[in-house]
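Subject: Structure handover

Dear colleague,

Please find the structure below, with the sequence alongside. My notes on what was found in it follow.

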Amino acid sequence: MKHGKTKVVKRRRVFLSRNNQPYKRPELSTTPKQWANWLQKAGVEHRPPYQLRHTYASRMLKAEANHVWLAKQLGHTDWGMIRTIYGKWIDEGNDEIEKLAKNLGQI
């Protein structure tokens with residue numbers, strides 16, 4: 001609270017059910033082994049649930065999502081964190097050069 005005012009933050013869920021509704025059950029945080037069981041059943045190497053955030057961000061960057069939009073999706077005030085934290089996960093290789101050449105009318 002600052003100067004007697006409170007800030008109301010509206011949050012949206014990234015992962016929704018098949019009915020496009022937020023999940024009501026807090027399995028990821030309250031059932032100790034549920035996450036590990038899901039990963040084991042899927043044959044995926046264990047990693048903490050918060051790493052989904054990194055996967056989401058890096059995949060969106062690879063799909064050329066707008067950096068400002070992505071920063072808002074992740075709850076950042078600007079895209080500086082996107083640039084410094086998530087941007088380094090993206091291999092820019094020759095695809096980026098070809099995309100620029102195409103956009104500049106050189107291909």
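I start with a histidine. Leaving out residues up to four places away in sequence, H46 touches W35, A36 and L39, where contact means heavy atoms within 4.5 Å. H46 is located in the loop between α2 and α3; helices (H or I, at least four residues) and strands (E, at least two) are DSSP runs, numbered from the N terminus. With a relative accessibility of 53%, H46 counts as exposed. The classes are buried for under 20% relative accessible area, exposed for over 50% and partly exposed in between, with a 1.4 Å probe and protein chains only. H46 and W35 are eleven residues apart along the chain, and their C-alpha atoms are separated by 8.8 Å.

Before the rest, the conditions. This is a predicted model, in which local features need pLDDT of at least 70 and side-chain atom pairs count only at pLDDT 80 or more, while totals for chains, interfaces and linings use all residues. Residues are numbered from 1 along each chain as its sequence is written, and side-chain values use heavy atoms, with hydrogens and water left out.

Overall picture

The chain has six helices and zero strands, so the pattern read along the sequence is α-α-α-α-α-α. Of the 107 residues in the chain, 17% are buried. Among contacts between residues at least 6 apart in sequence, 25% join residues at least 24 apart. The chain exposes about 9,800 Å², with carbon and sulfur atoms supplying 52% of that area; accessible areas come from the Shrake-Rupley method with a 1.4 Å probe, and for residues only the protein chains shown count as cover.

A36 lies in helix α2, residues 34-42. A36 is partly exposed, at a relative accessible area of 29%. From A36 to R47 is eleven residues in sequence and 8.3 Å in space, C-alpha to C-alpha.

The count of aromatic pairs comes to one. Rings of Phe, Tyr and Trp (its six-membered ring) pair if their centres lie within 6.5 Å; planes under 30 degrees apart count as stacked, over 60 as edge-to-face and the rest as tilted. The pair is W35 with W38, edge-to-face, at 6.4 Å centre to centre and 80° between the planes. W35 and W38 are three residues apart in helix α2, which means that about one helical turn separates them. W35 is buried at 14% relative accessibility, whereas W38 is partly exposed at 38%.

The twelve residues of α3 should span 16 Å at 1.5 Å a residue, and the end C-alpha atoms are 17 Å apart, which agrees. The expected span is 1.5 Å times one less than the number of residues in the helix. The buried residues of α3 are H54, Y56, A57, S58 and L61, and what covers them includes α4 and α5. Just after α3, E64 takes a positive phi of about 65°.

Which residues make up the largest nonpolar core? The eight are Y56, A57, L61, L70, A71, L74, I82 and Y86. The elements giving two or more residues to this core are α3 (51-62), α4 and α5, and the largest share, three residues, comes from α3. A nonpolar core here is a set of buried Ala, Val, Leu, Ile, Met, Phe, Trp, Tyr and Cys residues joined through side-chain atoms within 4.5 Å. Apart from neighbours within four places in sequence, L74 is in contact with R53, Y56, A57, I82 and Y86.

Between α4 and α5

H76 is found in the loop between α4 (67-73) and α5 (80-86). H76 counts as buried, at 18% relative accessibility. Not counting residues up to four places away in sequence, H76 touches R53, A71, M81, I82 and Y86.

Lastly, the charged end of R83 sits over the ring of W79, 4.9 Å from the ring centre. The rule for this asks that NZ of Lys or CZ of Arg be within 6 Å of the ring centre and within 35 degrees of the ring normal.

Regards
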